[in-house]
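Student: Could we go through this one together? I'd like to start with how the chain is divided up.

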Amino acid sequence: MPRGTAPSQDPDTAAIAASGLHVSRGRTTILRGLEFSIMPGRITCLIGPSGSGKTTLMRAIVGVQKISRGTLSVLGRPAGSAALRHDVGYVTQGASVYGDLSVAANVKYFGAMHGATAADVAQAIAAVGLESHMRRKAADLSGGQFSRVSLACALVSHPALLVLDEPTVGLDPVLRAELWGRFAAMAAAGTTLLISSHVMEEASHCSSLLLLREGQLLAQLTPEELAQRGRNKDLERAFLAIITDTQQTGAAS
Ligand SMILES: Nc1ncnc2c1ncn2[C@@H]1O[C@H](COP(=O)(O)OP(=O)(O)OP(=O)(O)O)[C@@H](O)[C@H]1O
């Protein structure tokens, strides 16, 4: 199978599917019975308060977090399967790049693990707008530029599924808009993106939203449905209204 080709890119087959998914860390159950599916070639936003389990879910999806119960399939295979290694890209909250290497050397290093060519490296650097800084040491970049090196390292392997943990934190509004434009272009080209965010305004860029709270899925809906269900065009207020409704009824759907 060519590099970057997903085992399951059938538009009718879920890119990620969870059923009765439970995940514990230490003695605590963090994710409690999640049921959802994400279709390929879309941007899905994972939204929830701090500590709601977003990172834990992303870690389970990319295969670095053990599942305690239930099933989680990614591109048609169990999460964490060795066969998914080249198809899933993950950008963590803390940028995991080498400060003493140049931007280009970092991207080349990560690309080498996936057989990336020089053209792939140049393309990934251009995709995050760092062409003019490619010879600079990563440690000498600004915070926002540094975090974009991480993103380029994930892009270089052309993953079929890209999982991004709060990729726009610390970026100015112009860069943030630019990145969302790039994400949209990637989704249009068939990449599936799962992006966590605290910023509700960013939810409007996504075709589907997973609302998490205390390890449970409050809802999976579109931004329009969120506005409707939360009775507010302001998505932050709509989300808060849904949380309040859930507390009152004691039900998650
Ligand atoms: N190694 C661990 N052992 C035990 N509990 C943990 C561990 N790591 C995280 N947790 C707990 O799991 C819960 C979910 O954490 P997680 O990092 O998934 O949340 P999050 O929604 O990504 O939060 P944030 O938005 O602040 O990054 C939190 O209550 C956290 O304290």
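Tutor: Domain bounds here come from an automatic or database domain assignment. That assignment gives domain 1 (13-87 + 160-253) and domain 2 (91-158). This is a predicted model, in which local features need pLDDT of at least 70 and side-chain atom pairs count only at pLDDT 80 or more, while totals for chains, interfaces and linings use all residues. Residues are numbered from 1 along each chain as its sequence is written.

Student: What separates the centres of domain 1 and domain 2?

Tutor: Taken over C-alpha atoms, the centres of domain 1 and domain 2 are separated by 25 Å. The contact takes twelve residues from domain 1 and twelve residues from domain 2, where two residues are in contact if their C-beta atoms, placed from the backbone, lie within 7 Å.

Student: Which elements supply the side of domain 1 that touches domain 2?

Tutor: β7 (161-165) and α5 (173-188) each supply at least two residues of that side; helices (H or I, at least four residues) and strands (E, at least two) are DSSP runs, numbered from the N terminus. By class, the side of domain 1 that touches domain 2 has five nonpolar, two polar and five charged residues, with Ala, Val, Leu, Ile, Met, Phe, Trp, Tyr, Cys and Pro counted as nonpolar, Asp, Glu, Lys and Arg as charged, and the others, Gly among them, as polar.

Student: OK, new topic: which residues touch the most other members of the largest nonpolar core?

Tutor: Of the 70 residues in the largest nonpolar core, those are I61, V107, A152, V163 and L211. Such a core is a set of buried Ala, Val, Leu, Ile, Met, Phe, Trp, Tyr and Cys residues joined through C-beta atoms within 7 Å, and a residue is buried if 20 or more other C-beta atoms lie within 10 Å of its own, exposed if 12 or fewer, and partly exposed in between.

Student: Which residues of α2 meet α4?

Tutor: V103, N106, V107 and F110 in α2 meet V149, A152 and C153 in α4. By class, this contact has six nonpolar, one polar and no charged residues.

Student: Last one: is L240 buried or partly exposed?

Tutor: L240, which is found in helix α7 (residues 235-249), is partly exposed, with 14 other C-beta atoms within 10 Å.
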